Amino acid sequence: MAEKKKTKTSAKGKTGEQSVVNIGMVGHVDHGKTSLTQQLTGKWTDTHSEELKRGISIRLGYADTTFYKCPKCKDFEKYTIKEKCPKCDSKTEKIRRVSFVDAPGHETLMTTMLSGAALMHGAILVIAANEECPQPRTREHLTALKIGGVENIVVAQNKVDLVSKENAEKNYKQIKKFLETEGYKDASIIPISANFGGNIDLLIEALEKEIKTPKFKENLPLKMYCVRSFDINKPGTKPAELKGGVIGGSIMQGTVKPGDEIEITPGFETGKLSTKVISVSAENGILKEANAGGLIAIGTLLDPSVTQNDRMRGQVIAKPGTAPEPTKDVTLEVHFFERLVEKVEKEIKISDLLVITVGTLTAVGSVTNKNKNTIDIKLKNSVIIEKDQKVAISKRNKAFWRLVAYGISK
Ligand code: GDP
Ligand code: MG
Ligand code: ZN
């Protein structure tokens, strides 16, 4: 029976596999996040024309990979992403499939990183060995992970090929000290070279030991965070042949399968959207059903113009009637961070403009009321927020949004 079903699914496309965990690739610009993502997945995630031109990541990047171990090799040497052991040529055994979320490290793109942080179950903090540690985004990204409750991180001390042994050790000590002050003193620090593939096996070992596959509560109604969306139709496709909009993200709870009715909230000016799931897929093919865990995409009956160009980023996809009502009014209990990246005033005043990140959604608003450490914000666009939900608060400093505090929804 099971066999038969499988053939039927593959008739519509290759059968895929959902990854079980999302690992964030975070850290300062140019420290090697995208290069390391490529070493671990074989995929170069900077594909946007602007990214190629400027040589920096602008959007969140996504790539899946499978970790394997060699039955003959010992210790860290057994870890690989290949089906054949690169050291002894034996056939390897599969461990698990993982998704990477490659964050942009440029200071203008902090809100994009924050939106991606909502999906990360663990992370690799990439730190270049040839620069002083911490660089501004090294700290700001780690703070973002802290807000998101991401406890399990592995540090990749990258570009060790560029420094002397002495300087690598000096840098290692700086990293160690930085991690201690930030509350991550037990995180492993693995010296690597993303460009030359040095110590990638050691890094995979650390990921296997320290970034566990999260356990999710079963039997809860669907709640999925959208981080990207697309129009998959080629220009010039005839209206009758148009495929519906595709939404990508990660399920926080529940499951989704073709045929399910879903609600997309907060939606846009016109309110929530309702549609039906036509297909569910992972990076490498079609799924019968997706669970809480790694990145997936849902094909819908939506007009593809509403999903083009990541327009759906930040939306919550839920079982109809189960998501909280969208709102533009939020009350937050504010907690400032002890150490800020730049000298930003540790104060929020009435009529200050703020950006809050709720799940994967970012919203701009202004402070309308203040009471001790609680503020009321009137947002320009609606959000879906639950009581006690933690949100990131960014404040404008010069030209950029700076992560200054987190808030707890009242
Ligand atoms: P990102 O901004 O953190 O994503 O950094 P990229 O992956 O785009 O890398 C920035 C630059 O550093 C590129 O020119 C890479 O080729 C280079 N780079 C990355 N990893 C290494 C490494 O291990 N050794 C050396 N020498 N250069 C590296
Ligand atoms: Mg990059
Ligand atoms: Zn081997």
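Mentor: A definition to begin with: two strands pair if DSSP finds at least two bridges between them. Helices (H or I, at least four residues) and strands (E, at least two) are DSSP runs, numbered from the N terminus. This is a predicted model, where local features need pLDDT of at least 70, side-chain atom pairs count only at pLDDT 80 or more, and totals for chains, interfaces and linings use all residues. Residues are numbered from 1 along each chain as its sequence is written, chains are lettered from A and ligands numbered from 1 in the order in which they are written, and side-chain values use heavy atoms, leaving out hydrogens and water.

Trainee: OK. How many bridges between β18 and β21, then?
Mentor: Four, with β18 (residues 353-358) and β21 (residues 390-397) antiparallel. Ile356 has Ile393 in β21 as its bridge partner.

Trainee: Which strands make up the closed barrel?
Mentor: Six strands, in the order β17-β20-β19-β18-β21-β22, with antiparallel pairing. Neighbouring strands of this sheet are turned by 45 degrees against each other on average, direction ignored.

Trainee: And what joins β17 to β20?
Mentor: Six bridges, between β17 (residues 327-336) and β20 (residues 374-383), running antiparallel. Asp329 stands opposite Lys378 in β20. β17 also pairs with β22, antiparallel, through five bridges. There, Val334 has Gly407 in β22 as its bridge partner.

Trainee: Switching to helices. At what angle do α4 and α5 cross?
Mentor: Roughly 35 degrees, and the axes come within 9 Å. Axes are lines fitted to C-alpha atoms, for helices over the stretch in contact, and angles run from 0 to 180 degrees between N-to-C directions. α4 covers residues 110-117 and α5 residues 136-147.

Trainee: Which residues meet there?
Mentor: From α4, Met110, Met113, Leu114 and Ala117; from α5, Arg137, Glu140, His141, Ala144 and Leu145. Contact means heavy atoms within 4.5 Å. By class, that contact of α4 with α5 has six nonpolar, one polar and two charged residues. Ala, Val, Leu, Ile, Met, Phe, Trp, Tyr, Cys and Pro count as nonpolar, Asp, Glu, Lys and Arg as charged, and the others, Gly among them, as polar.

Trainee: Where does α5 lie on the strands?
Mentor: Across β21 and β22, at about 20 degrees to β22.

Trainee: Back to His141. Buried or exposed?
Mentor: His141 counts as buried because its relative accessibility is 0%. Buried means under 20% relative accessible area, exposed over 50%, partly exposed in between (1.4 Å probe, protein chains only).

Trainee: What does its side chain reach?
Mentor: The backbone nitrogen of Gly27, at 2.9 Å. Beyond residues up to four places away in sequence, His141 touches Val26, Gly27, Ala103, Pro104, Gly105, Met110 and Met113.

Trainee: New topic: α7. How many of its residues are buried?
Mentor: Eight of 11, so α7 (residues 200-210) is mostly covered. Among the buried ones are Ile200, Asp201, Leu203 and Glu208.

Trainee: And where is Pro214?
Mentor: In the loop between α7 and β8 (223-230). Pro214 counts as partly exposed because its relative accessibility is 23%. Neighbours within four places in sequence aside, Pro214 contacts Val20, Val21 and His121.

Trainee: How far apart are Pro214 and Tyr68?
Mentor: 19 Å in space, C-alpha to C-alpha, and 146 residues in sequence.

Notes: A polar contact is a pair of N or O atoms within 3.5 Å; within protein, one must be able to donate a hydrogen and the other to accept it, and residues adjacent in sequence count only if both atoms are side-chain atoms.
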